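I opened this notebook to keep track of what I looked up. The entries follow in the order I made them.

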Amino acid sequence: MSDPSAVPPPEGPGRTRQGLVYRAGVLGHRPTVPTDAAELERRAQAAMSPRAWAYVAGSAGEGATARANRAAFDRHRIVPRMLPGRATRDLSTELLGRRLPAPVLLAPVGAAGLVHRDSDTEIGAAAAQLGLPYIISNQGCSPMEDVAAAMGSGPRWFQLYWSKDELLVDSLLARAEASGAEAVVVTLDTTMLGWRPQDLNLGSLPFSQGIGIAQYTSDPRFQQVVAERVAAKQEQKGASDDVKVTLGALRSLLSISREHPGDLRSNLRSPTPRAAVETFLDIYSNPGLTWEQLATLRDRTSLPFLVKGVIHPDDARRAVEVGASGIVVSNHGGRQVDGAIASLDALPAVRAAVGPELPLVLDSGVRTGSDVVKAIALGADAVAIGRPYVYGLALAGRDGVRDVLSNIVAELDLTMGLSGVGSVSELGPELLAAAP
């Protein structure tokens with residue numbers, strides 16, 4: 001007979017989350033943030049502007065890669081095992097020396113200010129509440145220092161787009177270290193923007209409106225480059241801007257001036273905000289980046305660095321050779337190359353190429369807790385969530401981000417428990433079968 005005085009084990013995040021929702025339901029309350037991915041997406045689209053939806057939900061070309069990302073998860077089926085005799089699960093995992101409560105990170109999403117004001121600080125604060133790492137976007141709408149302040153002691157990494165200006169690269173790296181970042185994630189697959197019809201059909205690039213360039217306008221090296229550009233233009237006698245005054249141009253000027261640091265009225269009269277946008281568009285990413293340049297990171301920062309966008313095993317091996325401490329297996333959510341291999345399909349070959357010890361994060365297409373189970377079973381150490389938490393941001397701000405991530409972690413816990421798995425470390429390919 002069991003001891004009636006014994007303290008019952010904790011329920012775990014799955015049953016705890018269910019309990020919160022069902023108890024609220026007794027009082028007639030339904031979740032503001034839907035608990036299934038399809039309804040979450042539908043409601044987010046209704047809440048977002050057409051420009052925001054095109055940028056966040058859009059993909060490259062005809063969307064074949066984005067569809068492949070989801071189809072890859074559907075091709076793998078979980079084969080549950082019964083009665084393991086364990087009432088709770090251990091969802092924790094170690095990544096780059098830090099123990100995380102769950103194998104889930106928040107991927108960097110640029111220009112999230114299209115969706116919600118103060119987007120990056122709200123996202124960071126929600127991540128910190130859950131103890132999950134947030135990869136601060138290089139294309140964010142708040143300086144990394146502000147995001148770090150909002151996160152407190154919460155774990156954070158920093159995404160780096162390699163600029164054409166090497167001094168700017170060094171400045172961003174130094175700021176990331178000073179802001180408490182624990183790693184740098186170098187995005188390799190976006191040295192130029194892919195063909196994105198949803199944005200193109202609207203003529204909408206958020207960065208040209210000053211949205212998503214806060215890491216740059218807050219950077220002393222970038223400010224120096226902008227000042228030099230302004231001075232050079234002022235020295236050109238009789239030079240004109242050749243800008244046709246239209247309602248759209250005025251709206252763009254207002255957006256650029258609003259997003260730029262400082263007083264709105266002063267910014268409207270100053271040439272600096274517009275010069276900042278022009279400078280960003282000229283230098284933000286380097287299409288000529290090489291493996292040799294990437295290798296210089298070993299001497300330019302004390303932080304470990306991971307590479308994001310690797311889906312070929314030979315590139316994975318090369319990344320290890322130049323000093324990468326991990327790889328984010330990603331096709332950029334299907335936003336760069338139409339018809340590319342799904343990230344999940346690329347994962348096993350990348351794992352085989354780098355061996356069992358190198359940290360691998362699976363990014364692109366992850367929507368649910370069962371997706372997390374499949375990704376880890378196929379060789380990932382953790383996953384990165386992107387669009388779903390932005391949808392939560394659109395619906396309920398910081399709370400929406402937190403709820404989306406909490407739901408995914410809850411489903412992860414329940415899926416493991418119902419599949420007879422007691423810990424993340426036990427997840428392996430033997431749990432999966434190919435779909436008929």
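I began with a term: a polar contact is a pair of N or O atoms within 3.5 Å, and within protein one must be able to donate a hydrogen and the other to accept it. I also noted that this is a predicted model.

**Entry: Asp363.** I looked for its place and found Asp363 in strand E10, residues 360–363. I then checked its polar contacts. The side chains of Asp363 and Ser330 are joined by one of 2.6 Å. Another, of 2.9 Å, links the side chains of Asp363 and Ser364.

Which side chain of opposite charge is nearest to Asp363? I found Lys308, 4.1 Å away. A salt bridge needs the nitrogen and the carboxyl oxygen within 4 Å. Asp363 is buried and has no salt bridge.

I listed its contacts too, leaving aside neighbours within four places in sequence. Among them are Ala107, Lys308, Ser330, His332 and Ser343.

**Entry: the cores.** The largest nonpolar core has 107 residues. Ile327, Leu362 and Tyr389 have the most contacts inside it. Helix H19, residues 387–418, gives the most to this core, with 12 residues. I also found a second, separate core of 13 residues, with Leu100, Ile135, Val185 and Ala382 among them.

**Entry: confidence.** The chain averages a pLDDT of 95, and 96% of the residues score at least 70. Over residues 1–8 the pLDDT is below 50.

How values were computed:
Residues are numbered from 1 along each chain as its sequence is written. This is a predicted model: local features need pLDDT of at least 70, side-chain atom pairs count only at pLDDT 80 or more; totals for chains, interfaces and linings use all residues. Side-chain values use heavy atoms; hydrogens and water are left out. A nonpolar core is a set of buried Ala, Val, Leu, Ile, Met, Phe, Trp, Tyr and Cys residues joined through side-chain atoms within 4.5 Å. Buried means under 20% relative accessible area, exposed over 50%, partly exposed in between (1.4 Å probe, protein chains only). Helices (H or I, at least four residues) and strands (E, at least two) are DSSP runs, numbered from the N terminus. Lys and Arg count as positive and Asp and Glu as negative; His and the chain ends are not counted. Contact means heavy atoms within 4.5 Å. pLDDT is the predictor's confidence in each residue, from 0 to 100.
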